[in-house]
Amino acid sequence: METSPGRTPSAIEVTSRPDGTHVAVSGELGLRDLSEVEARLSALTGPVTFDLSGARRIDTSIAWAVVDSCQRLERSGARAGVTGAQGAVARLLDTVRQGMPPPATPLAGPRGPRAWLTQLGEAVAGSGAAFVEFTGVLGLFVARLAQTFLRPREFRLTALVHHCQAVGLQAVPIVALLSFLIGVVLAFQGAAQLRQFGAEVFVVELIAISILRELGILLTAIIVAGRTASAFTAAIGSMKMREEIDAMRTLGIDPGHALIVPRVLALVLMLPILGLIANVAGLFGGALMSWTQLGISPAMFMSRLAEGTEVAHVFVGLVKAPVFAVLIGVIGCRAGLAVGSTAESLGRMTSSAVVAAIFAVILADALFSIFFEQIGV
């Protein structure tokens, strides 16, 4: 190897012996020698002994190359060892050996019913922990909202207006379009079935009850859950990754007042309005399809809508909106607060928030349906 003036000559000699390969290191080896050392050590196979009795000084890169070669040979089933290291060289080798990451082992897939039950138990335990966290964030929202009524100065009106625009106004086009298409599909499919009995005219009641009572607000909540829960998680999660939430606490700003209350309250205010827009768009789509395919004029459609549809159906649909809004908002905020320090964690929690919000909305809608059926509404 090359030497410079004032530097002790260094060398690495590889010799074959009856008991295996003998690697003798002498002199001073540093980073400038790493490429040559790696090239010679990478070709080693079989039993190897590293003799460092002649090494006066090595740096971390050479120590890493020696330790890595030993681990590589041991993983392949060959014997490898280091002898003759003394003083600072021995201490450096021990430090590098302790700091080396453990070898990656492939994860074995689940096998047998016991492994399946273990995974099921872990999933149930994780769901229970997530529910406890959801309850905590919900309680935080209620407590901070109560404090806002007691101390109105802490209420952030600008943030509320901003979030109302983001979750409400910007969602109007997609909500109206999908509700319109749902109304068209209901009218077309309903007419195809009712035509068999000569009762096409009752398609008006079918459209009205389906949209006003269930599909209008449910479809709206699912759309909002998909676009808003993910947005809440991404925004709060990004702030947590950049330690902005910790900075807010340091400055005396309560994250509950600044982040959770405006977002959830904006959803509570805007989801009923979006539900009304969805109802109107769905009825318009149904009326248009009834006019073009069944010959039911708009005047007749409105007349049958007023005569055969009770106002209670509208209230049954809209009373679900605040509950759906709280579920979506709290789930999105909880997922954002649970984000770790990596981008992978942010993506995983964003996907989890969307799935959990949609599931919670559908489950709540099913419970509402059972409740209204039991009380006869």
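Start by selecting W116: at 53% relative accessibility, this residue counts as exposed (over 50% relative accessible area, with a 1.4 Å probe and protein chains only; buried is under 20%, partly exposed in between). The model is predicted, so local features need pLDDT of at least 70 and side-chain atom pairs count only at pLDDT 80 or more, while totals for chains, interfaces and linings use all residues. Residues are numbered from 1 along each chain as its sequence is written, and side-chain values use heavy atoms, leaving out hydrogens and water.

W116 lies in helix α4 (a helix is a DSSP run of H or I, at least four residues, numbered from the N terminus).

Next, select helix α12, residues 320–337. Its 18 residues reach 26 Å from first C-alpha to last, close to the 26 Å expected at 1.5 Å a residue (1.5 Å times one less than the number of residues). Because 14 of these 18 residues are buried, α12 is largely enclosed by the rest of the structure.

Now select L267, L271, F324, I328 and C333. They touch the most other members of the largest nonpolar core, which has 48 residues (buried Ala, Val, Leu, Ile, Met, Phe, Trp, Tyr and Cys joined through side-chain atoms within 4.5 Å). Helix α9 gives the most to this core, with twelve residues.

Finish at C333. Its contacts (heavy atoms within 4.5 Å) include V137, F232 and R263, not counting residues up to four places away in sequence.

Conventions:
Helices (H or I, at least four residues) and strands (E, at least two) are DSSP runs, numbered from the N terminus.
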